Every structure is written in C-alpha cells, then in structure tokens.
Amino acid sequence: MDFEAEAADVGAAAGIDTSKASIARVYDLFLGGKDNFAVDREVYETIQAVAPQGDEVAKSIRRWLNRVVRHLAGFEVGIDQFLDVGSGLPTAENTHEIAQRHNPDSTVVYVDNDATVAAYGRALMEENDRTHFATADLRDPAGLLAAPQVARLDFQRPLVLIQCATLHHIDDEDDPARFMKRYVDALPPGSYVAISHWWDPGEELPEGHRMARELEQRWRESSMGSGRYRTREEITEFFAGLELVEPGLVELNDWWPDGPRIRETSLVERLILGGVARKP
Ligand SMILES: C[S@@+](CC[C@H](N)C(=O)[O-])C[C@H]1O[C@@H](n2cnc3c(N)ncnc32)[C@H](O)[C@@H]1O
C-alpha cells in the first residue's frame, strides 16, 4: 500500500475525512508541513497559481502571532493565561513555547475542531502540564468555554484570547461579530484579544481588492469551502468593547516588526490585518 492510501486508512480510522481539504492541513502545507493529502495539495496549487507568495503569508501570520504572544507574556504586560482558538496543527514556535519561554508559569489552552489536529496535534501540543488541548467549535462560545480544558484557565484573572487566522473561515451567516461579543463578555478586565484576518482593502489598494476577490472565490470553490476577505470596518467590529493597542489594526508586517524590513512585502501578504486590543 502506498503512503497516500495508508495515510487515508489511518485517517479514516481517526475520523478524518480525506475526500475534502482541511483548513488546518492546507495552512500547515503553506507553512511547509507534511501532514496533508492530495485534496489539500490541490487547494494549495489553486491558490499558488494566482498568489505564488502564499507561503510568505502563512509565515507572516506565524511571525505576527509569535510577536504578539511574546509581548503579552513578557514583562511589559506579563499575562500567564492563553486561550488559542483555532490553533491548527503544531508547527514551529507554537503559542505555549513562546509564552512559557517568556513567562514560565503560563497556561495555554489550544482549541480546534479539526479531526487531524485532534488526532495528531494533541500529543505534541500537550507537551507539559500547563498546556492543554480541547476539541470544540469556535462558533459555539458557550460550549467552547464550558470545555473542561478551558476551565483550567482562571477567568477571574486577565487572559489572552487568540483568534489567529480563524474568523475568515467563518461565514457571515454564522455572525462572527455576535459570537466574538460573547467571548469578550466572558473575559475579565485587563484581558487581551488578538485577531488576524484576511483583508479586502477595497479602493485603498485596488489591485489588492482584485486579488482578494479572486482568492476568495478560489478558496470557497475549493473542497475546503471557506474563506472571507472582509473590509477593515468589518474586521474592526470583532474588537467591539475593546481598546486597540498601538499601532491598531494594521498589515501584519507593520505590527511591531522585529527589525528593519529587508525585502518588499508582496501584494498577497498585504491582504491580512492584525490587531491586539485590551478589555478596559
Ligand atoms: C488558518 S488555520 C490557523 C492556525 C493557527 N491559528 C495559526 O495561526 O497558526 C485556521 C484554524 O482554525 C480552525 N477552525 C476553523 N473553523 C473552526 C471552527 N469552527 N471551530 C474551531 N476551529 C476552527 C481550523 O481547523 C484551523 O486549524
């Protein structure tokens, strides 16, 4: 039996549907990961055909997440509890590694609804007794917050809610602004919310707008079936009730970069915004 067939067999046994691309596996593929099937590679190729710098987008997202966690866990802010929703497959520099490097007492709870993440990710993510993984759907805040692993976080003390590259996989019909409000309401004052989200820049960047429309159509028509490039105003709504910290909702490479820019940011990399906000 070849690798693909064997992997499909193992996948089926673990409840993984290998006939459809998975968001987590496709994203991991853009990051250079190996846990993927032909259906995932098909989506990857469809996107690369119009945006060959797609790998750079995934890396920018990862680097942004790392800078955010470092800032919030580090001495400037000093938070020691992280709820990383839609955490994806484990890869280089996961949230708990960054948080615990800067604040060794940090507890990190990962949540995802993907069967591959549950089957293969859990063991790698739950590396120590302050790192936990829960399977839950982020569209159901009540169910997610009631998960026993999430209950390990102390909601009487500030924590960080991470929605990194997740909400653009949620359709408008699921009303992400409404359920984000439920999460924000559950957070104690002094907590932070970090969100990165695909961006349709409209007239601000017409060639970016055209590419966003093309990419959205390709993602949605693929077997992965989801993807929304939202406007700056739509993304800002997800921060309702919070105070955005400097520099606000910006292109990822502009959010407290680690150093001088040594290469030009490609157009597709510009089509995602990130922001961090504090609950007063
Ligand atoms: C693009 S990946 C981002 C992974 C990770 N946050 C990062 O930035 O490296 C999006 C993740 O969100 C998860 N996801 C999508 N819809 C979800 C839902 N309704 N409930 C829970 N997780 C979801 C996917 O399974 C995937 O792992």
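## Ligand site, cavities and pocket

By class, four nonpolar, three polar and two charged residues make up the lining of the second largest cavity. The structure described here is a predicted model. The residues that line this second largest cavity are A24, Y27, D28, L31, R62, S87, G88, L89 and T91. Helix 2 provides the largest share of that lining, three residues. Domain 1 (3–48) and domain 2 (54–278) each contribute at least three residues to the lining of the second largest cavity.

A search of the whole structure turns up two cavities of 30 Å³ or more. The largest cavity is lined by R62, D84, S87, L89, N94, T95, Y110 and M125. Its lining divides by class into three nonpolar, three polar and two charged residues.

| Space | Volume |
|---|---|
| Largest cavity | About 40 Å³ |
| Second largest cavity | About 30 Å³ |
| Second largest pocket | About 380 Å³ |

The second largest pocket has 18 lining residues, and R63, R67, N253, P257 and D258 are the closest to its centre. Helix 4 and helix 5 (95–102) each supply at least two residues of this lining. Helix 4 gives the largest share, five residues. By class, the lining of the second largest pocket holds four nonpolar, six polar and eight charged residues.

The ligand is the next topic. Around the ligand there are 20 residues, of which R62, G86, D112, L138 and C164 come nearest. The shell around the ligand is made up of nine nonpolar, six polar and five charged residues.

Where in the chain does the shell around the ligand draw at least three residues? Domain 1 (3–48) and domain 2 (54–278) each supply at least three. Among the helices, helix 2 (23–30) and helix 4 (54–73) each bring at least two residues to the shell. Helix 2 gives the most, with three residues.

A nitrogen atom of the ligand is 2.7 Å from a polar backbone atom of G86. The side chain of Y27 has an N or O atom 3.2 Å from an oxygen atom of the ligand. For N113, a polar side-chain atom lies 3.2 Å from a nitrogen atom of the ligand. Taken alone, the ligand exposes 600 Å², and the protein buries 97% of that.

Two features of the backbone remain. Most residues other than glycine have a negative phi, and most peptide bonds are trans. E246 and P247 are joined by a cis peptide bond, with omega of about 5 degrees. P247 sits in the loop between strand 6 (243–244) and strand 7 (250–251). A165, a residue other than glycine, has a positive phi, near 60 degrees. The loop that holds A165 runs between strand 4 (160–164) and helix 8 (176–186).

Technical notes. Residues numbered from 1 in each chain as written. Predicted model: local features only at pLDDT ≥ 70, side-chain atom pairs only at ≥ 80, totals over all residues. Heavy atoms only, no water. Near = heavy atom within 4 Å. Polar contact = N/O pair within 3.5 Å; in protein donor to acceptor, adjacent residues only side chain to side chain. Areas by Shrake-Rupley, 256 points an atom, 1.4 Å probe, with all protein chains shown as cover. Helix = DSSP H or I, 4+ residues; strand = E, 2+ residues; numbered from the N terminus. Nonpolar A, V, L, I, M, F, W, Y, C, P; charged D, E, K, R; others polar. Domains from an automatic or database assignment. 1 Å grid on protein atoms, 1.4 Å probe; cavity = no way out; pocket = protein on both sides within 12 Å on 5 of 7 lines; lining within 4 Å. Points joined across faces, edges and corners; volume = space filled by probe spheres on them.
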